[in-house]
Amino acid sequence: MPQPDNVVLLERRFHEAWHTLFADRTPFEIAILLIKKRFNHGVVRSATLHAAWQGGEETFTYRYRRDHPPFEPWTFKAPQMRAWHMLFADRSDYSVLHEVVRASRWSPAGYFPMGHIVLAGGGKITYGF
Ligand SMILES: [Zn+2]
């Protein structure tokens with residue numbers, strides 16, 4: 001739900017594409033969705049994501065376990081595929097995740113104070129520690 005400190009200025013068509021793709025999820029929920037649904041099982045080795053807003057805070061932690069079942073896939077309908085392409089073009093999921101947790105375009109300043117995401121093959125997003 002839009003509230004003063006989770007509103008960011010976005011061009012209207014991007015704003016609409018964002019809602020087509022992510023409905024009314026918060027940036028925190030979107031980051032979790034990306035981590036769970038946009039990478040093949042085992043690619044994300046571990047994730048710790050901290051979000052803070054309006055005095056509230058939440059932490060998401062994940063650690064890959066080979067014996068755990070993969071997350072349900074995220075299947076796009078055509079409007080969602082168009083929205084994804086408008087927002088992110090052909091960029092990698094790693095690049096998209098990085099942008100969502102780090103770029104002021106997607107969340108207000110200070111919303112993601114700490115994060116540590118480790119991918120198989122050496123990719124890493126770390127900030128705030
Ligand atoms: Zn909105």
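1. Start at one residue pair. A51 lies opposite E58 of β2. β1 covers residues 44–53, and its antiparallel pairing with β2 runs over eight bridges. Strands count as paired if DSSP finds at least two bridges between them. Helices (H or I, at least four residues) and strands (E, at least two) are DSSP runs, numbered from the N terminus.

2. A word on the model. It is predicted, so local features need pLDDT of at least 70 and side-chain atom pairs count only at pLDDT 80 or more, while totals for chains, interfaces and linings use all residues. Numbering starts from 1 along each chain as its sequence is written.

3. The turn between β1 and β2. These two strands make a hairpin with two residues between them. Q54 sits in the turn and has a positive phi of about 45 degrees.

4. L49 has G115 in β3 as its bridge partner.

5. β3 and β4. Four bridges link this antiparallel pair. H116 has T126 in β4 as its bridge partner. The hairpin of β3 and β4 has four residues between the strands, and G121 takes a positive phi near 85 degrees there.

6. The whole sheet. Four strands make an open, antiparallel sheet, ordered β2-β1-β3-β4. β2 (56–63) and β4 (124–127) are the edge strands; each has a single partner, so one side of each lacks a neighbour in the sheet. Neighbouring strands are turned by 10 degrees against each other on average, direction ignored. Axes are lines fitted to C-alpha atoms, for helices over the stretch in contact, and angles run from 0 to 180 degrees between N-to-C directions.

7. Helices on the sheet. α2 (residues 27–37) packs on the sheet and touches β1 and β2. Its direction makes about 175 degrees with that of β1. α4 (residues 93–102) also packs on the sheet, touching β1, β3 (114–119) and β4. The direction of α4 makes about 10 degrees with that of β4. Contact means that C-beta atoms, placed from the backbone, lie within 7 Å.

8. The core. What is the size of the largest nonpolar core? It has 22 residues. A31, L34, I35, V44, L97, V100 and V101 have the most contacts inside it. At least two core residues come from each of α1 (12–22), α2, β1, α3 (78–88), α4 and β3. α2 gives the largest share, five residues. Such a core is a set of buried Ala, Val, Leu, Ile, Met, Phe, Trp, Tyr and Cys residues joined through C-beta atoms within 7 Å. Buried means 20 or more other C-beta atoms within 10 Å of a residue's own, exposed means 12 or fewer, and partly exposed lies in between, with C-beta atoms placed from the backbone.

9. V100 in detail. Neighbours within four places in sequence aside, V100 contacts P27, I30, A31, L34 and W106.

10. A17, L21 and F22 are its buried residues. Seen down the axis of α1, they fall within an arc of 105 degrees, so they line one face of the helix. The arc is that of the directions from the helix axis to the C-beta atoms. These buried residues pack against α2 and α3. R12, H15 and H19 are exposed on the other side of α1. Just after α1, A23 takes a positive phi of about 55 degrees.

Technical notes:
Two residues are in contact if their C-beta atoms, placed from the backbone, lie within 7 Å.
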